[in-house]
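Dear colleague,

Please find the structure below. My notes on selected features follow it.

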Amino acid sequence: MKFRLFLLFILSSCSLLAQEEESPFPSVTDSLYREDQFYLGVTYNLLNNKPNGVSQNKFSSGFHFGFIRDMPVNKRRNKSIGVGLGLSFNSYNQNLLISENNDINFSVLGDDVNYSKNKFYTSVVELPIEFRWRTSTAKEYSFWRIYTGVKFGYVFSNSSKYEGEPENIRIKQIDSFNTFQYGLTLSAGYSTWNFHLYYSLNPIFDATTIDNNPIDMSDVKIGLMFYIL
């Protein structure tokens, strides 16, 4: 239900922006100007659809940066399509233990287990595609923006780390991770500070189970996005 509401919001935003009448702002003096070519973001990573007993702890972070080619689609150049390429580095602190005994195993750490750290990491090559609306002109550097779209990702590296009893566990390049990821994005704000939301549409893990139940966890990233010319 939450996903349907979010998707409806995205589609409604795009429809309203596409129907916007020509603004009374002065005409653009530079017919070749573009906006927001580079981006840098930091997010808090939430796990969605967690299995029974799984919970997050501590801070799960994400760092994102890259380049987006801004391609205006109207004369005033305040509407555009953006296609980019970037990198994303993510950590998830939680109590889902990933261990290895001839095969990869998943289990929930109980309250009776003494451990100081349990997290998994992903490094992702990202392809963002955005529909962009803003109140900018060629000479205006502080303006409102709303960017909506999709983001595709390829997980080129992953690992998990457990530090606690009875022994520390570190595993790299786990086949259980879903290599291909994708989701919806929304960035909105004024000038430097922009709220950012990423809603994943597919699971983090591929065909994995815990107690014979599938692990369908996905992620939701909430944070700030900074854009640079």
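Is Ser-91 buried or exposed? Ser-91 is buried, at a relative accessible area of 7%, where buried means under 20% relative accessible area, exposed over 50%, and partly exposed in between, with a 1.4 Å probe and protein chains only. Please note that this is a predicted model, in which local features need pLDDT of at least 70 and side-chain atom pairs count only at pLDDT 80 or more, while totals for chains, interfaces and linings use all residues. Residues are numbered from 1 along each chain as its sequence is written, and side-chain values use heavy atoms, with hydrogens and water left out.

Ser-91 belongs to strand β3 (residues 79–93); helices (H or I, at least four residues) and strands (E, at least two) are DSSP runs, numbered from the N terminus. Apart from neighbours within four places in sequence, Ser-91 is in contact (heavy atoms within 4.5 Å) with Asn-45, Ser-60, Ser-61, Phe-120 and Tyr-121.

Aromatic pairs

The search of the whole structure returned 14 aromatic pairs. Rings of Phe, Tyr and Trp (its six-membered ring) pair if their centres lie within 6.5 Å; planes under 30 degrees apart count as stacked, over 60 as edge-to-face, and the rest as tilted. Phe-106 and Phe-205 form an edge-to-face pair, with 5.2 Å centre to centre and 70° between the planes. Phe-106 lies in strand β5 (residues 104–108) and Phe-205 in the loop between β10 (193–200) and β11 (209–210), so this pair ties together parts that are 99 residues apart in sequence. Phe-106 is buried, with a relative accessible area of 11%, and Phe-205 is buried at 2%.

Phe-205 also pairs with Phe-177; this pair is tilted, at 4.8 Å centre to centre and 55° between the planes. Phe-177 sits in the loop between β8 (169–172) and β9 (180–190), 28 residues apart from Phe-205, and the pair links distant parts of the chain. Both Phe-177 and Phe-205 are buried. Ring pairs join Tyr-92, Phe-106, Phe-120, Phe-177 and Phe-205 into a cluster.

Strands β4 and β5

Strand β4 (residues 96–100) pairs with β5 in the antiparallel sense over five bridges; two strands pair if DSSP finds at least two bridges between them. Ile-98 stands opposite Phe-106 of β5. The hairpin of β4 and β5 has three residues between the strands, and Asn-102 takes a positive phi near 70° there.

Charges over rings

A charge sits over a ring if NZ of Lys or CZ of Arg is within 6 Å of the ring centre and within 35 degrees of the ring normal. Arg-132 lies over the face of Tyr-147, at 4.4 Å from the ring centre. The charged end of Lys-221 is placed over the ring of Tyr-198, 5.1 Å from its centre.

Backbone features

Which residues does a cis peptide bond join? Glu-165 and Pro-166 are joined in this way, with omega about 0°. Pro-166 is in the loop between β7 (144–164) and β8.

Lys-58, a residue other than glycine, has a positive phi near 60°. Lys-58 is located in the loop between β1 (38–48) and β2 (61–72), and counts as exposed at 59% relative accessibility. Asp-211 is not a glycine, yet has a positive phi of about 55°. Asp-211 lies in the loop between β11 and β12 (213–214) and counts as exposed at 68% relative accessibility.

With kind regards
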